[in-house]
Amino acid sequence: MTLLQTITALMPVLSVLVFLIIMRWPAMKAMSISLAITALMSYLFWHVPIVQITASIIEGWFIAASILIIVFGAIFLLKTLSQSGAIDVIKQGFMDITPDRRIQLIIIAWLFGSFLEGASGFGTPAAICAPLLVALGFNPLAAVSLALIADSSAVSFGAVGTPVLVGIKRGLSEVSASQLQDIATTAISIDLFVGIFIPLIMVSILTRFWGENQSYKEGLALWPFAIFSGLAFIFPAWVVANLLGPEFPSIIGGLIGLVLVISAVKIGFLVPKKVWGFKADRNDDSEPLLVSQKKISMSMSRAWAPYVLAAILLVLTRVDFLPFKSLLNGVKINFVDILNTGISNSISPLYLPGFIFILVCFATFYLHKMDNKQAFMAIKESTKALLPTALTLGAAVPLVRVFINSNVAGSTLGSMPKELALMMADSFGQAWPLFAAFIGALGAFISGSATFSNMMFSDLQQSTANNLNISENIILALQMLGSNAGNMICVVNVVAACSVVGLTGKEGAVIRITMVPMLMYCLMVGAVSMVWLSF
């Protein structure tokens with residue numbers, strides 16, 4: 001690649017670094033300008049035809065529409081529960097389990113979020129857990145950032161194993177079922193030494209940036225309980241991955257983790273005697289953001305019923321041995337050969353988590369005996385909150401598709417992400433295991449999907465491993481782990497989660513917080529793999 005071609009290929013990464021993180025522009029402005037620059041440079045220096053750039057932008061709008069369905073469903077669920085008063089009851093329930101904000105964060109974002117990731121994927125955990133944290137009184141920036149950090153290890157087996165069963169499998173020209181299983185178990189085995197620290201990282205960031213004393217120590221003081229919480233999810237997930245395969249580690253690991261950790265809290269196991277909370281917790285008259293002003297009498301089971309119903313429906317519609325998955329996927333909107341470029345895509349609107357959330361909301365109108373005014377307000381507020389997100393995703397997703405669809409017939413250059421990955425692989429040689437995860441992170445960061453990252457880069461990772469005479473299963477496991485780390489900083493997920501809690505325009509601030517844990521995670525799994533390979 002020439003220098004200008006290298007800059008062109010790096011533009012989606014540079015645009016986030018410069019416009020969102022350094023210049024602190026809102027994503028709507030940053031992504032719109034980035035799209036224009038990338039499209040122009042793709043035409044001038046990558047020689048992508050204008051018609052292909054245009055088709056990629058149109059494809060991006062179709063994909064953005066599917067993401068908006070998920071975002072709308074998440075906002076609608078939050079607003080419905082706020083109007084019904086269920087959020088107040090849920091808040092009190094968590095306070096009854098523990099008033100310690102660090103432990104609340106672990107239970108909601110790490111464990112409940114891992115279960116949601118295993119059941120659904122599609123950015124669902126951050127879209128559900130972030131507003132739930134805000135309703136409990138967490139700062140919105142903290143809620144989004146920490147929910148994204150928490151949604152990491154579980155992503156390896158998210159959406160009932162899709163990153164493995166679709167991502168890795170379709171990304172390789174040939175892979176046996178036994179090799180796929182070995183790749184999955186290798187990934188979770190490496191994560192046993194890394195993922196267990198995610199809860200500790202989360203609570204340390206919480207106390208440092210949103211605590212009254214702004215101290216890492218107050219988060220680190222929870223280290224025995226935080227490590228236990230990490231193991232409470234990762235170890236059951238490791239057992240399930242070895243015994244049952246890649247479909248259910250995150251679902252079962254999240255459920256077992258919830259039971260273990262909540263039980264530990266109730267008996268005081270490893271729980272510090274000193275409770276940690278926010279300064280506002282001492283003010284009885286402070287009303288957490290997004291909590292309904294109308295106090296009503298409601299049982300805990302009724303308040304949680306919508307979340308339980310959503311979780312059940314997500315699981316039932318994701319497993320292959322039941323008919324619901326094929327039925328919902330059977331309703332497709334196809335976009336075939338856009339502008340005669342060969343670019344095609346499809347959306348299954350009824351299979352999207354957002355559709356499930358919308359169904360649950362209508363069920364909640366009945367379950368919580370909401371009147372017409374409450375239901376109307378929930379719909380009105382949800383629709384109103386969607387416009388800024390639509391404009392942002394309308395630029396961010398097309399930018400990604402221009403980048404990915406940059407392979408041109410007859411050109412000596414492949415697509416921009418493939419060329420960047422090849423450049424990195426050529427640069428690091430035998431030290432490749434230390435950096436392989438960053439390719440997975442790059443793919444997830446760009447595409448917004450661990451599954452797509454695995455599809456995009458698995459073949460390259462396998463070829464690099466074979467050329468360097470390194471175990472390809474370990475390198476492919478690192479690809480999986482890197483793709484889950486990239487989920488922390490993925491612009492599409494950040495935009496979606498920010499929109500749900502009313503934080504549109506602060507996307508750069510979120511990425512500045514999540515960037516460091518992402519880098520730490522990739523380096524740590526790389527270091528573990530280097531030690532693994534030395535034996």
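Which helix supplies the largest share of the lining of the largest cavity? The answer is H18, with 3 residues. This is a predicted model, in which local features need pLDDT of at least 70 and side-chain atom pairs count only at pLDDT 80 or more, while totals for chains, interfaces and linings use all residues. Residues are numbered from 1 along each chain as its sequence is written, and side-chain values use heavy atoms, with hydrogens and water left out.

A cavity is a set of points, on a 1 Å grid over the protein atoms alone, where a 1.4 Å probe fits but cannot get out; its lining residues have an atom within 4 Å of a point. The count comes to 2 cavities of 30 Å³ or more. The largest cavity holds about 80 Å³ of space, and its lining includes Pro12, Met31, Leu399 and Phe445. At least two lining residues come from each of helix H1 (3-22), helix H18 (387-404) and helix H20 (432-447). Helices are DSSP runs (H or I, at least four residues) numbered from the N terminus.

In one of them, Arg401 pairs with Glu59, with the closest N and O atoms 3.2 Å apart. Arg401 is in helix H18 and Glu59 in helix H3 (residues 50-84), so this pair links distant parts of the chain, 342 residues apart. Arg401 and Glu59 are both buried, where buried means under 20% relative accessible area, exposed over 50%, and partly exposed in between (1.4 Å probe, protein chains only).

Because Glu381 lies in helix H17 (residues 372-384) and Lys79 in helix H3, the pair ties together parts that are 302 residues apart in sequence. Glu381 is partly exposed, at 28% relative accessible area, whereas Lys79 counts as buried at 16%. Asp100 and Arg102 form a salt bridge too, at 2.7 Å between the closest N and O atoms.

The cysteines come next. A disulfide is a pair of cysteine sulfur atoms within 2.5 Å, and the count comes to 0 disulfides. For Cys361, the nearest cysteine sulfur is that of Cys129, 16 Å away. Cys361 is buried, with a relative accessible area of 0%. For Cys522, the nearest cysteine sulfur belongs to Cys490, 14 Å away.

Note on methods: On a 1 Å grid over the protein atoms alone, a cavity is a set of points where a 1.4 Å probe fits but cannot get out, and a pocket is an open set with protein on both sides within 12 Å along at least five of seven lines; lining residues have an atom within 4 Å of a point. Grid points are joined across faces, edges and corners, and a volume is the space filled by probe spheres set on the points. A salt bridge is a side-chain nitrogen of Lys or Arg within 4 Å of a carboxyl oxygen of Asp or Glu.
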